[in-house]
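Good morning, and thank you for coming.

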Amino acid sequence: MKYQVITKDGKAKRAVMETVHGTIQTPVFMNVGTVGAIKGAVSTDDLREIRTQVELSNTYHLHVRTGDKLIKEYGGLHKFMNWDKPILTDSGGFQVFSLAGLRKIKEEGVTFNSHIDGHKIFMGPEESMQIQSNLGSTIAMAFDECPSSRADYDYIRNSVERTTRWLARCKTEMARLNSLPDTINKEQLLFGINQGGVIDEIRISHAEAIKAMDLDGYAIGGLAVGESHEEMYHVLDVTVPHLPEDKPVYLMGVGTPANILEAVDRGVDFFDCVYPSRNGRHGHVYTNQGKRNLFNQKYELDPRPIEEGCGCPACRSYSRAYIRHLLKAKEMLGMRLCTLHNLYFYNTMMEEIRDAIEEHRYSEYKAKKLAGMAGSSKADE
Ligand SMILES: [Zn+2]
């Protein structure tokens, strides 16, 4: 893995990361394909067309349905879904702690019930690494607990200390797995995850602790889970300076276009979020004038594309009126077109961000972009 910062504009970083599955230009938005596909009937051919750089898959979901052992037997997730570019897998931790039923946390790991059939599963750092190694993703995430930002100080401190011990076990297990002869991706990378709720001193001491472990990249987790945007930006302001500048920084599960613009300005270079696909499935589409709700009656006979000038597969061929009709008729194509447009909007915004940083006009670009999108209902007026 080679990660190189090409240039900086303020704290905003423009970097390139070489992986065994190709080059990632950052800042980058990873497109979230929960079970190995973007919800809304989006294929990997579509992802290539909308210029997706990195696909993100959920370890927990693939583990409980179809199963990582079968995917390994098939030849790994890349071959399974016909995608040869980078894939990041999450650790399963977030789903275990948020989705799964009745769980018991111990030093060894977590016992919980599958959300599909209720059967008991145990997952600890070693199991998470083994599952991600079976999937053969490009980047594996460390197994962590994501404590509620509303939990009390002692709970968060104890949880974060355990997450650090779990990270050491993840690193050891990944080194072992990468040395085995039948491992699919022997150069799998490991990102550690910073936690600490909204408590500055825990965030900082944890960042220092994981920085010392010399990992391939660093994520900031436990945000966008109920705290305010100001609290989120504050956590980035205090935490990012304690992570190594010559390694990628990934803000997990964030967020709106505005959140991304602000986080890039604070030194973050990897993002993922379900908003563009989830909103797309509900007919909410992003434009440079704000979000549109295509269910709005004013689009009934509107012959224009979702956004004029947009080069996405939806805008190139279809009108607002037709897509609105599809959505109202609950035709899958309506959701699919809106999802494609939204992902294209995010991917295009990241290209604009990279250009703006390279040309040292990021502040100007950010201010203009935010002003254009301000007031999410503006486009509907
Ligand atoms: Zn479009």
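Leaving aside its neighbours within four places in sequence, which residues is Ile 353 in contact with? Before I answer, please note that this is a predicted model.

Ile 353 is in contact with Pro 27, Ile 260, Leu 261, Val 264, Tyr 362 and Tyr 365 once those sequence neighbours are set aside. This residue is also among those with the most contacts inside the largest nonpolar core, together with Leu 251, Ile 260, Phe 271 and Tyr 362. That core has 82 residues, and helix H14 gives the most to it, with 12 residues. A second, separate core has 19 residues, including Val 32, Val 54, Ala 219 and Met 252. As general background, nonpolar side chains tend to be buried together in soluble globular proteins.

Let us stay with helix H14. The helix has 27 residues, and from its first C-alpha to its last it reaches 39 Å, close to the 39 Å expected at 1.5 Å a residue. Just after H14, His 360 takes a positive phi of about 55°.

I turn now to charged side chains. In general, side chains of opposite charge can pair when their charged atoms come close. How many salt bridges does a search of the whole structure find? The search finds 23.

Are the two partners buried or exposed? Glu 358 counts as partly exposed because its relative accessibility is 37%, whereas Arg 14 is buried, with a relative accessible area of 6%.

A second example is the salt bridge between Glu 145 and Arg 162, where the closest N and O atoms are 2.7 Å apart. Glu 145 lies in the loop between strand E10 and helix H7, and Arg 162 lies in helix H7, so the pair ties together parts that are 17 residues apart in sequence. Glu 145 is buried, with a relative accessible area of 3%. Arg 162 is buried as well, at 15%.

The side chains of Glu 173 and Arg 176 meet in a salt bridge, at 2.8 Å from N to O. Both residues lie in H7, 3 residues apart, which is about one turn of the helix. Glu 173 counts as buried at 8% relative accessibility, while Arg 176 is partly exposed at 41%. Elsewhere, salt bridges that share partners join Asp 237, Glu 262, Asp 265, Arg 266 and Lys 366 into one network.

Finally, I come to the metal site. Which residues coordinate the zinc ion? They are Cys 310, Cys 312 and Cys 315, each through SG, and His 341 through ND1, at 2.1 to 2.3 Å. Along the chain, these donors follow the spacing C-x1-C-x2-C-x25-H. Why is the arrangement called tetrahedral? The 4 donor atoms subtend angles of 104 to 113° around the zinc ion, and the arrangement is therefore tetrahedral. Of the coordinating residues, Cys 312 and Cys 315 are both buried.

Thank you for your attention.

Note on methods. Residues are numbered from 1 along each chain as its sequence is written. This is a predicted model: local features need pLDDT of at least 70, side-chain atom pairs count only at pLDDT 80 or more; totals for chains, interfaces and linings use all residues. Side-chain values use heavy atoms; hydrogens and water are left out. A salt bridge is a side-chain nitrogen of Lys or Arg within 4 Å of a carboxyl oxygen of Asp or Glu. Buried means under 20% relative accessible area, exposed over 50%, partly exposed in between (1.4 Å probe, protein chains only). Helices (H or I, at least four residues) and strands (E, at least two) are DSSP runs, numbered from the N terminus. Donors are N, O and S atoms within 2.8 Å of the metal (3.2 Å for Na, K and Ca); water is not among the atoms, so sites may look incomplete. Four donors count as tetrahedral if all angles lie between 85 and 135 degrees; four count as square planar and six as octahedral if opposite donors are over 155 degrees apart and all others between 65 and 115; anything else is irregular. A nonpolar core is a set of buried Ala, Val, Leu, Ile, Met, Phe, Trp, Tyr and Cys residues joined through side-chain atoms within 4.5 Å. Contact means heavy atoms within 4.5 Å. The expected span of a helix is 1.5 Å times one less than its number of residues.
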